[in-house]
Amino acid sequence: MINVTQNVFYLHGKGISYIMRKTAHGHLEHVWFGERMPDQCPIDSLVLKRTVIAGGTVTYDESDECYSLDLLPLEWSSAGKGDYRAAPYEMVMPDGSRVSDFVFESAESGRGIVPLEGMPQAHPVAESEHEPEHLIITLRERCFDIRVKLIYTVFCQSDVITRRVEIHNVSDSVVLVNKLMSFMLDLPDRRFSLTTLHGGWIREGQRQAIELPVGVVSTGSTTGNSSHRHNPAFALSEQSADEMKGRVYGFNLVYSGNHVKFVEKSEYGLVRIMAGINPEGFSWRLEPGCVLAAPEAVMTYSTEGFNGMSHNMHSFVHDHIIPPAWRGRERPILANSWEAYYFKFDQSKLLRLAKKAADLGIELLVLDDGWFGKRNDDHSGLGDYTVNKKKLPQGLSGLAAKIENMGLKFGLWFEPEMISPDSDLYREHPEYAVQVPGREPSQGRHQLVLDLCREEVRDYIVESVGRILDEVPISYVKWDMNRHMSDVFSKTLSGDSASVDGNNRQGEFFHRYIIGLYDVLGRIFRPRPEVLLESCASGGNRFDLGMLCYSPQIWTSDNIDPIERLTIQGGMSLFYPLSTMGSHVADSPHSQTLRKTSLATRFHLAAFGCLGYEFNLNFLDRLQRREIREQIEFYKKHRHTLQFGRFYRLPALKDNKIHWQVVAADKKESLAGFYQTWQRAAEGFDLLPLTGLEPDQQYKLSTRPLQLELERFGNLINHLLPVQIRSTNPLLRLTGKFYTLPDSAESYEISGQQLQAGVMLNTHFSGTGYNSNVRMLGDFGSHMYLIEAVEDIK
């Protein structure tokens, strides 16, 4: 709901309010962002007071000596007028100066969204009674005919407000824009901590929290992608906030390119928050009559800790970011060929893999890299779309038909944004590659980047990928992007000269590349909404809301070790729901860490996401096949809750435990993951924390049944055998392929209120013996618990 009263603007969600006002001098002052306030409430108690001028400040207007922009909490600042905090923009004005002063001109509100040309944005839910509302505030520059539009959209049910900025050059002169943020917001400090997600390849989503110091804290990406180094999402929280309680603000960008976030605490206790296109290397010539739009930003707030903030973000992504055809639609269980065969496959190998997958209950087989050109390693072939007939003599259509005859869907890997120097495309069109004339380009993974600023390159990708999707029965696409950008240059942006003079526009490259990518994705997949797109960039190098507008799920990381994934997916879950995370069971020891984990733990992690299997299924023994069939049957039964339920990261009593829980929307079903990192000797009791249930509802809690491999017991197995054998005896390994021991299984039928008090679990193994009531977790062990409403149990 949006209301305007006497120059005060009230934006309300279901549980939040956002209030601002126009000052007497025409600037937009921020008043409140937090818990829901009564509509059109008096704001005197919320307004930051200005009763005496502070020393060392610049007065904006001599008639009002207490009015200094440096001391105001603003919605948008003016450059060079006495606000010495980080500015949300930098413009070279027609007179050559960098001074500008934007003041209020008009405001208009309405229902629905304001379309954003060339970039993705949040969309309304079709046929919903809760239509978004928008507010457009136009600011005018006092001396030049330039306008800034601040666009706010309220998504009431998710308690999310989006913001974005447009610069309209109505003058008859070129304006050079060197910096443009998507939003700016000033808040009074509440002893905030800043939480961000940093990382790298195979270690994405690393959660980091720091107490906000006086000064500027900034992270971002200059790689050409949103990057695994610093995800665009971040949060501000009271230092006392935890997962379950406390004030938490969440922010994100609907953008996949170079980005930056600035959080600055001034010496006067105001905290400025900004995010947008990274200004490093950015420069945009805004011609007369043209508009420059920043990407859409997302903001939310909760008093229910980080989980509450996450729930708002997850709801928003499910309803307003994911392509409508996949909203609430269950994702298939897939098998991917990569870690089974890498490049060394042929049709017969793939069909054997497909047969095993179908027998296990898997629904989709994905052929990964290596099906085209001379792609027998990563040195050649990218950019070519000719099927390798030595590997696939019947082509993709013949392979797909055989796979579909087994009852599976067929998926295919592409890397359309890349080009190999050793490719037919490069030999024919070297100008398609991103490289600076006269310089030897640096390569990443033996490849170059295609110039998506060029229309003919975009057309080539759209035609090539689209043709295959139309000719072959493909229901799933994995879209990869395996290098950062370097040597950036586009002939299309050189203007009349490649020199620094004239109308050279190379500073627009990164942003135009991303706009080009969105054009390609939209032209390929919007006419084919039934094709499930999973984007990937060496794992989670481009895990962002921009890609999720086209790709309902993203490959979270190339690291499939479940213990590493606890950190990776736990971090990403702060801002992104489980249904967006590709999460697979792989072989053990794991390729990325050499760590050995149980098949059960691998599944218990991967089940909290879009489940897949990524290893050679032909090598499974009888017990492994049985276990995977049971895993898949279990996942299918509870898939909707695991992908779309309300997810909680629960506090642990011990630092070697991690607790996750997901609760169905109707609260009739819940699943909880109990994960142990390192085993400790003679460890005390364990408590299973639970939340989100109906207190008066009767539930049954039960452990998902597990079997223990004999090898896990080592020499202790001799306590159970009539004869003594070595733990390395081949006979023991052979016996273990046919015989296992049951792990502890617990069952309780009690109320939701009692469950939420915590469940005291059976005794943990402490070195003194085994029986069927002892929980045998060991290093990297886990259990999964199913909680069902009693009347729904069949």
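Trainee: Where does serine 535 sit?
Mentor: Serine 535 is in strand β27, residues 532–535. Strands are DSSP runs of E, at least two residues, numbered from the N terminus. This is a predicted model, where local features need pLDDT of at least 70, side-chain atom pairs count only at pLDDT 80 or more, and totals for chains, interfaces and linings use all residues. Residues are numbered from 1 along each chain as its sequence is written, and side-chain values use heavy atoms, with hydrogens and water left out.

Trainee: Is serine 535 buried or exposed?
Mentor: Buried, with a relative accessible area of 2%. Buried means under 20%, exposed over 50%, partly exposed in between (1.4 Å probe, protein chains only).

Trainee: What is serine 535 in contact with, leaving aside neighbours within four places in sequence?
Mentor: Trp479, Met547, Ser551, Gln553, Ile554 and Trp555. Contact means heavy atoms within 4.5 Å.

Trainee: Switching to helix α10. How many of its residues are buried?
Mentor: 8 of 8, across residues 599–606. Helices are DSSP runs of H or I, at least four residues. Arg602 and His604 are among the buried ones.

Trainee: And how do the axes of α10 and α11 cross?
Mentor: At roughly 20°, coming within 11 Å; α11 covers residues 622–644. So α10 is roughly parallel to α11, a term for angles under 35 degrees. The axes are lines fitted to C-alpha atoms over the stretch in contact, with angles from 0 to 180 degrees between N-to-C directions.

Trainee: Which residues make that contact?
Mentor: Leu599, Ala600 and Phe603 from α10. From α11, Gln624, Glu627, Ile628, Gln631, Phe634 and Tyr635.

Key. Parallel < 35°, antiparallel > 145°, perpendicular 65-115°, else oblique.
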